[in-house]
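Have a look at the fold, then go through the notes below.

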Amino acid sequence: MKKIFTESKTFYGFQDKEVEDETLVDLYEMVKNNATSFNCQPLRIIFIKSINAKKRLNPYMLENNKKKTFDAPVTAILAMDLSFYEDLPKNFSSMDVSFLFKGNPEFTHLTAFRNSSLQGGYFIKAAHCLGLGTGPMSGFDNEGVDREFFANTDWKTNFICNIGYGDETQTKPRERRYSFDEIAKIL
Ligand SMILES: Cc1cc2nc3c(=O)[nH]c(=O)nc-3n(C[C@H](O)[C@H](O)[C@H](O)COP(=O)(O)O)c2cc1C
């Protein structure tokens with residue numbers, strides 16, 4: 001289990017092997033049971049598998065991300081729903097805290113971004129648990145993707161992640177990581 005953290009790597013290419021829809025459902029089952037503040041769960045996901053959907057996404061990817069994204073078995077758009085607080089009475093039933101967010105777009109955005117990013121991290125590690133490789137990307141036109149996929153909604157793209165069974169020849173050597181002493185203090 002520890003290996004999914006210590007031997008983690010980004011994949012820039014994948015084997016020619018389908019990722020079944022049930023695997024994507026399993027993946028979300030693993031993501032959904034992890035912590036978010038007030039159990040707010042702002043993450044929303046579009047899984048791009050069809051050629052038609054790939055063609056819609058491709059114009060908005062940065063040049064160096066276009067081919068690997070087009071060729072990936074699945075590309076997930078990980079978005080956040082800025083209306084997440086409307087469901088808080090259902091999702092955090094012990095106390096209605098939705099009033100904290102109504103009319104407070106800055107706190108709403110901060111909470112959605114923080115928690116959808118956390119859920120995005122859970123997503124990447126859940127994929128690794130399932131034997132999948134991942135290629136997360138922030139190199140794309142956020143506003144373009146939002147217009148194309150989320151027009152007339154409160155969903156905003158956070159990041160995009162290619163998924164598939166990793167091609168071991170399509171990774172890069174591990175770059176330097178900080179040691180504990182460089183980044184942590186025990187007070
Ligand atoms: C949020 C995020 C955005 C990234 N954006 C891109 C990207 O746009 N294009 C790309 O080729 N790699 C992208 N990467 C991959 C990183 O460059 C890579 O994970 C990092 O260099 C560490 O490599 P490793 O995971 O193989 O150790 C991104 C990674 C993350 C987590």
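This is a predicted model: local features need pLDDT of at least 70, side-chain atom pairs count only at pLDDT 80 or more; totals for chains, interfaces and linings use all residues.

Numbering starts from 1 along each chain as its sequence is written. Helices (H or I, at least four residues) and strands (E, at least two) are DSSP runs, numbered from the N terminus.

- The buried residues of H6 include Thr 108, Ala 112, Asn 115, Gln 119, Phe 123 and Ala 127; "buried" here means 20 or more other C-beta atoms within 10 Å of a residue's own, "exposed" means 12 or fewer, and "partly exposed" is in between, with C-beta atoms placed from the backbone.
- An α-helix has 3.6 residues a turn, so residues three or four places apart point the same way.
- The partners of the buried H6 residues are H2, S1, S2, S3 and S4.
- Ala 112 is part of helix H6, and it counts as buried because it has 26 other C-beta atoms within 10 Å.
- Setting aside neighbours within four places in sequence, Ala 112 is in contact (C-beta atoms, placed from the backbone, within 7 Å) with Pro 42, Met 80, Asp 81, Leu 82 and Phe 84.
- Ala 112 and Leu 43 are 69 residues apart along the chain, yet their C-alpha atoms are separated by 7.9 Å.

- Gly 131 follows H6 and has a positive phi, near 85 degrees.
- Leu 130 sits in the loop between H6 and strand S3 (133-137), and it counts as partly exposed because it has 16 C-beta neighbours inside 10 Å.
- Not counting residues up to four places away in sequence, Leu 130 touches Thr 23, Asp 26 and Leu 27.
- For Leu 130 and Asp 26, the sequence separation is 104 residues and the C-alpha to C-alpha distance is 8.5 Å.

**Loops worth a click**

- Phe 14 is in the loop between helix H1 (3-6) and H2, and it is buried because 23 other C-beta atoms lie within 10 Å.
- Beyond its neighbours within four places in sequence, Phe 14 has contacts that include Ala 72, Pro 73, Gly 133 and Tyr 165.
- Asn 39 is not a glycine, but its phi is positive, at about 55 degrees.
- Asn 39 belongs to the loop between helix H2 (21-32) and strand S1 (43-48), and it is partly exposed, with 14 other C-beta atoms within 10 Å.
- Gln 41, also not a glycine, has a positive phi near 45 degrees.
- Gln 41 lies in the loop between H2 and S1 and counts as buried, with 21 C-beta neighbours inside 10 Å.

**Around the ligand**

- The ligand's surroundings (residues whose C-beta atom, placed from the backbone, lies within 6 Å of it) include Lys 9, Thr 10, Asn 65, Met 137, Phe 159, Lys 172, Arg 174 and Glu 175.
- This shell splits into three nonpolar, five polar and four charged residues, where Ala, Val, Leu, Ile, Met, Phe, Trp, Tyr, Cys and Pro count as nonpolar, Asp, Glu, Lys and Arg as charged, and the others, Gly among them, as polar.

**The whole chain**

- The chain has eight helices and four strands, in the order α-α-β-α-α-β-α-α-β-α-β-α.
- Buried residues make up 31% of the 187 residues.
- Of the contacts with a separation of 6 or more, 83% are between residues 24 or more positions apart.
- Along the principal axes, the C-alpha atoms fill a box of roughly 50 × 50 × 30 Å.

Conventions: Two residues are in contact if their C-beta atoms, placed from the backbone, lie within 7 Å.
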